[in-house]
Amino acid sequence: MRVLVTGGAGYLGCILVPQLLKNNFKVNVLDLFIYGDNVLQNHPNLKIFKGDIRNSKIVDESVKNCDIVIHLACISNDPSFELNPKLGKSINLDAFEPLVKICLKNNVKKFFYASSSSVYGIKSEKNVVESMSLKPLTDYSKYKVFCEKILLRYSAENFITTSVRSATLCGFSPRQRLDVIINIFVNQAFNERKIKVFGGPQLRPNVHINDVARFYMHLIDCDERIINKNVYNVGYDNFPIYQLAELVKDEMGSNISIEKFKSDDLRSYHISSEKMKKDLNFHLKYDLKKAIKDLINAFEKKIYTDPLNNEMYFNIKRMQNINLL
């Protein structure tokens, strides 16, 4: 069985692709590789397609003979998207339906889409579940909703589609990001001995990156009648930002200080992931402390080069410097 992973050289892709290969899948990866060409190791069952998701020719080449497509490629998160909204729209939305149509033309059987838990907007309910109304606050989130709806239109018995609304990923990856909240805090704590918290009470759902990779692996073998036209939240827990900082401090030691600042960013997300447990019997294995420990271990081994400034760990810095159009 062959799987195409778009964005397979990204933060999550670099965890998911090796897992697929380890489980004897043949894997195609379509990616621009703007964060380095060496983030995926060579493998006899791995085919690399270096190119843009907006290029229908290379998309068609990468999809050929694939049974499953896992669509991760996008301009990730609100700040990166807002850096160039036109670019974000062209990649996150405009390229989506053409990709789906190419998949259908090539007889792809399953299509898993990486949506986001941010699609719910701000909710007062304690448990935000998949059936609730979607009220996205930003263009990034709105386009995630639009893509979910587009995908539903094409769902069929012979084209199984599922959208995955994951929480914010955290933890170690060969294509490391240090611009997501827990990773930011660990980087600051390890290298500056202080953590800067903007706001504090805002809730942020987070999840270990390895668990999200495991979830996509799990979907492949799930009952198609259950997952088709369905959507799943994937998150570990919803902690206030200040509590996430405390978790990092607890792992790093009492000599870490926490500095608090006011913030105009009042976004607060909280999701329930009970549906994946009940419907699919999927349970998370890794808590947030495990993600923090994995990152600390990487810092101690000096895996990263200039982690406070190196653009390769920060999406916005990298996009600014390469002038992606």
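Trainee: Where does Asn65 lie?

Mentor: Asn65 sits in the loop that joins helix 2 (56-63) to strand 4 (68-71). Helices (H or I, at least four residues) and strands (E, at least two) are DSSP runs numbered from the N terminus. The model is predicted, so local features need pLDDT of at least 70 and side-chain atom pairs count only at pLDDT 80 or more, while totals for chains, interfaces and linings use all residues. Residues are numbered from 1 along each chain as its sequence is written, and side-chain values use heavy atoms, with hydrogens and water left out.

Trainee: Is Asn65 buried or exposed?

Mentor: Buried means under 20% relative accessible area, exposed means over 50%, and partly exposed lies in between (1.4 Å probe, protein chains only). Asn65 is exposed, because its relative accessible area is 66%. The phi of Asn65 is near 70°, a positive value in a residue other than glycine.

Trainee: What is the phi of Phe33, and where is Phe33 found?

Mentor: Phe33 has a positive phi of about 55°, although it is not a glycine. The residue belongs to the loop between strand 2 (26-31) and strand 3 (46-50). Phe33 has a relative accessible area of 8% and is therefore buried.

Trainee: How many residues of helix 1 are buried, and what covers them?

Mentor: Helix 1 (residues 13-22) is mostly covered, with 7 of its 10 residues buried. The buried residues are Gly13, Cys14, Ile15, Leu16, Val17, Leu20 and Leu21. Their cover includes strand 1 (2-6), strand 2, strand 3, strand 4 and helix 8 (209-221).

Trainee: At what angle do helix 5 and helix 6 pack?

Mentor: Axes are lines fitted to C-alpha atoms, for helices over the stretch in contact, and angles run from 0 to 180 degrees between N-to-C directions. Helix 5 (residues 96-105) and helix 6 pack at about 25°, with their axes 10 Å apart. The two helices are therefore roughly parallel to each other. Angles under 35 degrees count as roughly parallel, over 145 as roughly antiparallel, 65 to 115 as roughly perpendicular and the rest as oblique.

Trainee: Is the crossing of helix 5 and helix 6 left-handed or right-handed, and which residues make the contact?

Mentor: The crossing of helix 5 and helix 6 is right-handed; the near helix is then turned clockwise from the far one by less than a right angle, and anticlockwise in a left-handed crossing. Contact (heavy atoms within 4.5 Å) is made by Phe96, Glu97, Val100, Lys101 and Leu104 of helix 5 and by Cys147, Ile150, Leu151, Arg153 and Tyr154 of helix 6. These residues divide into 7 nonpolar, no polar and 3 charged. Ala, Val, Leu, Ile, Met, Phe, Trp, Tyr, Cys and Pro count as nonpolar, Asp, Glu, Lys and Arg as charged, and the others, Gly among them, as polar.

Trainee: How does helix 2 pack with helix 5?

Mentor: Helix 2 and helix 5 pack at an angle of about 40°, with their axes 10 Å apart. Helix 2 is therefore oblique to helix 5. The crossing is right-handed. Ser56, Val59, Asp60 and Val63 in helix 2 meet Leu99, Ile102, Cys103 and Lys105 in helix 5. By class, this contact has 5 nonpolar, 1 polar and 2 charged residues.

Trainee: With which side chain does the side chain of Ser115 make a polar contact?

Mentor: A polar contact is a pair of N or O atoms within 3.5 Å; within protein, one must be able to donate a hydrogen and the other to accept it, and residues adjacent in sequence count only if both atoms are side-chain atoms. The side chain of Ser115 makes such a contact with that of Glu148 (2.6 Å). Ser115 is placed in the loop between strand 5 (110-114) and helix 6 (139-154), and counts as buried because its relative accessibility is 6%. Not counting residues up to four places away in sequence, Ser115 touches Lys144, Glu148, Val164, Arg165 and Ser166.

Trainee: Which residues does Ala167 touch?

Mentor: Not counting residues up to four places away in sequence, Ala167 touches Ser117, Pro205, Asn206, Val207, Val234, Gly235 and Ile271. Ala167 occupies the loop between strand 6 (160-166) and strand 7 (168-170) and is buried, with a relative accessible area of 4%.
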